[in-house]
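Open the model in your viewer and keep the selection panel at hand. The tour below goes stop by stop.

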Amino acid sequence: MMESLTSSLQRVFGFSTFRTGQVEALTALEQGQDTLAILPTGAGKTLIYQLYGYRHAGCVLVISPLLSLMNDQVARMRVNGFRRSAAITSLTSYVERQEILRHLGDYQFLFLSPEMLAQPQMLAQIQQLQLSLLVIDEAHCIVQWGPDFRPEYLLLGAIRTKLHQPLTLMLTATAGKTTRHEIAKQLRTTPQVISESVNRPNIFLDVENVADEPEKQARLKSLVGQLQQPGVVYFSSKQQATDTALWLHQETGVRAAAYHAGLDSEDRFKIQQQFMAGQLDVICATSAFGMGIDKNNVRYVIHYHLPADLESYAQEIGRAGRDGNPSVAILLYAPGDEQLPLALGQSNRPDETTIQRYYAHPQQFSAEDPVIQLLAFYRQHGISEAAVTQMFTGRERERNRALAQMMAYARETHCLRERWLAAFDEQSPEHTVACCSPVNVPLDLTALNLKREQRATTAEPQREDWITRLQQLF
Amino acid sequence: MEATDLLYVLDRQQPRRLRVIENLLRGRRTVSTLYWGQRYQLLPLLDADKHLDRGALMGPTKALVAEGLVTLDPEEDQLLLTSAGQQKLSVTYYRPQTSEDWLNLDLEAARQRLLLAVQVTSQYAHSTSRYYPLATDLATRRVIRSWFHRLKGPQLAAALATAMIHSWQQLPVQTAEVMTDLLTGYQHPGLTVDQVASDQQQTAWEIQLRQRDGVTQIARDAQQADHPLHALLHPLWRSPITRSAQATLYAVEQGGSLDQVAMQRHVKANTVKEHLLEAAILSPTGAFPFDQLLPAHVRADFAAVLNADIDSWQFAQLPEALRTRYDFFYFRLYAIWRGRGMTDDGVTDK
């Protein structure tokens, strides 16, 4: 007889109890049920497929959205003792890819991007494997990114059929009813849903209005100067993240660094490790930051730009307070901020005339244009002009609805938490002063106990010379 | 490269082409890039910034022009330092110490191997086995793994520290500081280049130059067979001439005519010429068979019509008789020969 889940947990990880949601998801999987697990950031979603992979022969295939982070995921698997792990992405060198493919059958955990899995040769190779489990990580991306950003996500259902409907685990931190329904529909399954409340009672919610960009910067500086550290500030632009990190350091003396997908892997590694080691006070990040950062004591998350929807917002503020201690999520809003997500949403969306003209004369369009690439993808997959037009119209409606929901949060005057949780079809606990401060209520950091004690500025300790520092390494 | 850094690859007298500098940094090894890279004495920077975007130097260039530090010709390609630009050059800007070796070393591979070897040894010295290794390619991980399994033991950490200190003591102390800051090891994530640049109040490019020195100095010292990094770094010394050009050069040295060599090597006649020009530019002084390919009488023909200002020479402006007798290949080869300071009367141009 197979050992109990708890014995496996003890044996592999040395823990004696599961966190909420883990055991329910594992139990459903053990019963052969496709499972959609909606568990908050930090709940230990990775452990679910690690443990399942440990208990069952064959390969766990993980479909993961962020190319730049897949290698980090593999590194984390290895540190956890799962050495037979590998990732293949478009960034994997030819030599390395060949090497992995030669030993494909030896891997216990294989990470692929949807684009990689959609390639016919790759799919043929994967079909040869004995899959114990298919994992769709960050499954909300199917809905968020699929139609107008990474259409390969929409092939996952068909691919799953070609792989003979393997047992499937869908993971996400946030998914309202619509998203859940869409994930299940796309993957052609009726999963058992394991969901924990997305609410994080220890994160105080705050929205603040500012008049314009200079006032927003000033407010950011003031907050970063007062708040308990460490913290994360999210931006929609890499350049602004980089510039602000430098500016905050110069203006307030905090140890700040930028983190975004444009960094090379060495810088990304160093900044992550510095943050984990407590050598940074604040990270100025884009949405690339977060997935897989196991840092428990983040005290604040500030959004400098308006996210496109509440699901992204919930994901990102979820980095705060994973240790359960008081933390705060602050959204800075200036009139017109909704224009940026609106423009980003439009930029990759063909209008009706373009679709019409493209379907009439596809060869007349430049394949360099990402919008044309998108249309070419649909055309090659036999999707009709009418269906594509309808899809993009529906997509735009959906985006606008999501943005309107985000805006409603920004403008909320009664209870932010209620507004937030309603988007995930959850009831909010009774509103109290300890819950949130909507736009019309000032933020009181002292009452929240989140004000940093201003230590008398001590001179930085004299740095030791390089020889001493080098010797300390060894 | 920021605007400041660009100043240091320009000249007050010699107009330099922006496109050549960009292609050199990006590692586009055309004969034209190599030739002009040599004329500008910038060849060591070949491949120094592989990820530079096309056109990325235009921004810094425009900034320098706006400040009156350089002039840019109407075609937006030729750059020249103004006297204000010349005066702006600072004595404290970093001047590399080891650049004559840069072409002969696979610097990027050496850097990756050094960093990972230090991390692995540092963690081992502190008895930690669960840590995140630096993200490197499969080949680097492999070679480090096998190196580590052969050398691990109580002496490794101390031996490595001693060797690195010895190497970096030969460089400016600030370079040693920078190198130490960049390392990753036990309880020491290491700083990024940008962070070091901001601490040291230098440009990121200067930090890169220091890093090239730091790595090259260690690779030099690791040529000793008893150096702890010998097995890792010694194999990374190589000729800058591509394998294919080396093979062409060898075949020519064996006495084949250019056409015979082309047939024998299954390449076009023009490719043979390109290979030879590449080899002529990148070979150590005295190692290229100039006398065989460019005999004295050919040199005399060119010498009769060309002045000492090599950069002003243009093939199209040669007398027609000469252009009929010799194609561009000989003209270019002669320019390389002269440019490398060789003359028939034993008096060098320089």
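**Stop 1: the chain interface.** Select chain B where it meets chain A: 30 residues of chain B are in contact with 24 residues of chain A. Contact means that the C-beta atoms of two residues, placed from the backbone, lie within 7 Å. Now colour α6 (107-125), α8 (156-168) and α9 (173-182) of chain B, the elements that give two or more residues to this side. The largest share, 6 residues, belongs to α8(B). Helices (H or I, at least four residues) and strands (E, at least two) are DSSP runs numbered from the N terminus. By class, this side of chain B has 18 nonpolar, 9 polar and 3 charged residues. Ala, Val, Leu, Ile, Met, Phe, Trp, Tyr, Cys and Pro count as nonpolar, Asp, Glu, Lys and Arg as charged, and the others, Gly among them, as polar.

This is a predicted model: local features need pLDDT of at least 70, side-chain atom pairs count only at pLDDT 80 or more, and totals for chains, interfaces and linings use all residues. Residues are numbered from 1 along each chain as its sequence is written, while chains are lettered from A and ligands numbered from 1 in the order in which they are written.

**Stop 2: the domains of chain A.** Select domain 1 (5-195), then domain 2 (204-228 + 299-339 + 403-448). These bounds come from an automatic or database domain assignment. Over C-alpha atoms, the centres of the two domains of chain A are 32 Å apart. Their contact takes 10 residues from domain 1 and 9 residues from domain 2. On the domain 1 side, 2 are nonpolar, 7 polar and 1 charged.

**Stop 3: the sheet in chain A.** Show the 7 strands of the open, parallel sheet, in the order β3-β4-β2-β5-β6-β1-β7. Strands pair if DSSP finds at least two bridges between them. Which strands stand at the edges? They are β3 (85-88) and β7 (192-195) of chain A; each has a single partner strand, so one side of each is left without a neighbour in the sheet. Zoom in on β3(A) and β4 (residues 109-112) of chain A, which pair in the parallel sense over 4 bridges. Pick A:A87: its bridge partner in β4(A) is A:F111.

**Stop 4: a helix pair in chain B.** Select α2 (residues 18-26) and α3 (residues 31-39) of chain B: their axes come within 9 Å and cross at roughly 105 degrees. Axes are lines fitted to C-alpha atoms, for helices over the stretch in contact, and angles run from 0 to 180 degrees between N-to-C directions. α2(B) and α3(B) are therefore roughly perpendicular (65 to 115 degrees). Show side chains: B:V20, B:N23 and B:L24 in α2(B) meet B:T33, B:W36 and B:G37 in α3(B).

Conventions:
Angles under 35 degrees count as roughly parallel, over 145 as roughly antiparallel, 65 to 115 as roughly perpendicular and the rest as oblique.
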